[in-house]
Amino acid sequence: LSAPHPFKLQYLRGLTSHAVEALLPHSNRLTALTVDLYGEDMGHLDALMSCGMPLLERIVLFVYNPESSQLPSLSLDRTRFPRLRTFVAPIFLFNSDTFDDRIRSLDIRVDWAQPDWKAREFSTLLGILGRCGCLETLTISIALAVPTRPIDRVVSLNSLLHLNIVGNAV
């Protein structure tokens, strides 16, 4: 018998406890994960991610109807996700310690629905970029805030090959 093959989960709409139960035994074979999340799915995502995914290279998360100020940030233990190189997700979803020099592609979704997010997310963005010294591709989608106070930090992205900013400055 041959060993089970790695697989990609191209699209999952919502993440229920039943989906997590079905995926957990196979999470060690998952190489890519794309999920539409709703606010109530965050606990299920945390349960799925807590087991670690040693082959996961790409994660794409879309969050709908978030009560973002009340959503917990996810922190991925990078030793349990050693191959993870590509993130496509809202900026508020992950703690900045999730990011490091292994990240090669970052597609950040920014949402300015909450007035206090402009300063918080711009600072978070700079913190994340500062940790991703080998970043080659960066996409910032929706809107990039114009900071209301002076920027006290410079981030150098010497490996950056592609920069794409989609949306308007606000």
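Eleven residues line the second largest pocket, with L125, L126, L129, L138 and I140 lying nearest its centre. A pocket here is an open set of points on a 1 Å grid over the protein atoms alone, with protein on both sides within 12 Å along at least five of seven lines, and a lining residue has an atom within 4 Å of a point. This is a predicted model, in which local features need pLDDT of at least 70 and side-chain atom pairs count only at pLDDT 80 or more, while totals for chains, interfaces and linings use all residues. Residues are numbered from 1 along each chain as its sequence is written, and side-chain values use heavy atoms, with hydrogens and water left out.

The second largest pocket comes out at about 160 Å³, a volume being the space filled by probe spheres set on grid points joined across faces, edges and corners. Its lining takes at least two residues from each of α3 and β6, and α3 gives the most, with four. Helices (H or I, at least four residues) and strands (E, at least two) are DSSP runs numbered from the N terminus. By class, this lining is eleven nonpolar, no polar and no charged residues; nonpolar covers Ala, Val, Leu, Ile, Met, Phe, Trp, Tyr, Cys and Pro, charged covers Asp, Glu, Lys and Arg, and the others, Gly among them, are polar.

As for cavities (sets of points where a 1.4 Å probe fits but cannot get out), the whole structure has one of 30 Å³ or more. The largest cavity holds about 50 Å³ of space, and β4 and β5 are the elements that give two or more residues to its lining. F87, F99, L106 and I128 are among the lining residues, as is D107, and the classes split into nine nonpolar, no polar and one charged.

β4 is largely enclosed by the rest of the structure, because five of its five residues are buried (under 20% relative accessible area, with exposed over 50% and partly exposed in between; 1.4 Å probe, protein chains only).
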